[in-house]
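Please walk through the fold and the charged side chains of the structure below.

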Amino acid sequence: MKNVETINWLEFEDKATANGYTAVCGVDEAGRGPLAGPVYAAAVILPQGKIIDGVNDSKKLSEKKREALFDIIKTEALDYCIATATPEEIDQYNILNATYLAMSRAVEGLSHPADYALIDGNRMPKLSVPGETIVKGDARSASIAAASILAKVARDRFMLKMAEMYPQYQFEKHKGYGTKLHYEMLDKFGPSPIHRQTFLKTWYAKK
């Protein structure tokens, strides 16, 4: 039988605490790839030693499980903030820099200021506090995993509202990602005000 590695979900939080930091936040994003809608980011500070049961990388959880954990995380976290960068900002700054902008807004928006940030990925955004990047952090850090769920659920909920505003694109089915159905709706109706123009270059080239 294959051995399953046990994840120490608090490894990075505990290390930062041991180095003297008292408010460690995990930060993650959602929605870098879609053709439409904002990119979301969340920052979460968990109580020291806290692991919320069921929290994991949002991509590994069902929509129902993410929705249930969303409210639990907001209740049990010491603090959290969900922030965005708009489609216009994505077009202006590019998706990477817009993601950094959303992450920075999430960290700066915490009511209980963080003094250290754990960032999912391998690149560090410009923040007012020190921190570190963790590759696949949403599957290795309790606070990053919590942030990934908040960002993902918040963005999905926003896209459901956009589905009501722009029903012809059927955002409720693809959340703005570049599915076959989404491209078919683009061919039929053209872009909406929430589409990312810089993400449609290939589509425009075929017109």
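Asp138 and Lys59 form a salt bridge, with their closest N and O atoms 3.0 Å apart; the term stands for a side-chain nitrogen of Lys or Arg within 4 Å of a carboxyl oxygen of Asp or Glu. This pair links distant parts of the chain: Asp138 sits in the loop between β5 and α5, Lys59 in the loop between β2 and α2 (63-76), and 79 residues separate them. Asp138 counts as buried, at 6% relative accessibility, whereas Lys59 counts as exposed, at 65%. Here buried means under 20% relative accessible area, exposed over 50%, and partly exposed in between, with a 1.4 Å probe and protein chains only.

The model is predicted: local features need pLDDT of at least 70, side-chain atom pairs count only at pLDDT 80 or more, and totals for chains, interfaces and linings use all residues. Residues are numbered from 1 along each chain as its sequence is written, and side-chain values use heavy atoms, with hydrogens and water left out.

Asp120 is found in strand β4 (residues 116-120); helices (H or I, at least four residues) and strands (E, at least two) are DSSP runs numbered from the N terminus. The side chain of Asp120 does reach the backbone nitrogen of Asp138, at 3.2 Å. Leaving aside neighbours within four places in sequence, the residues in contact with Asp120 (heavy atoms within 4.5 Å) include Val27, Asp28, Met103 and Ile144.

The sheet comes next. Its 5 strands form an open sheet in the order β3-β2-β1-β4-β5, with mixed pairing; two strands pair if DSSP finds at least two bridges between them. The edge strands, β3 (79-85) and β5 (131-134), each pair on one side only. Neighbouring strands are turned by 20° against each other on average, direction ignored. Strands β1 (residues 24-30) and β2 (residues 39-45) run antiparallel and are joined by 6 bridges. Within this pairing, Asp28 has Ala42 in β2 as its bridge partner. Helix α5 packs on the sheet, touching β1, β2, β3, β4 and β5, and its direction makes about 35° with that of β1. Axes are lines fitted to C-alpha atoms, for helices over the stretch in contact, and angles run from 0 to 180 degrees between N-to-C directions.

The count of salt bridges comes to 9. One of them joins the side chains of Glu89 and Arg105 (2.8 Å, N to O). That pair also links distant parts of the chain, with Glu89 in helix α3 and Arg105 in helix α4, 16 residues apart. Glu89 counts as buried, at 15% relative accessibility, and Arg105 is partly exposed, at 34%. Another salt bridge is formed by Lys180 and Glu184, whose closest N and O atoms are 2.6 Å apart. Both residues lie in helix α7 (residues 180-189), 4 residues apart, about one turn of the helix. Salt bridges that share partners also join Asp57, Lys59 and Asp138 into one network.

Conventions. Polar contact = N/O pair within 3.5 Å; in protein donor to acceptor, adjacent residues only side chain to side chain.
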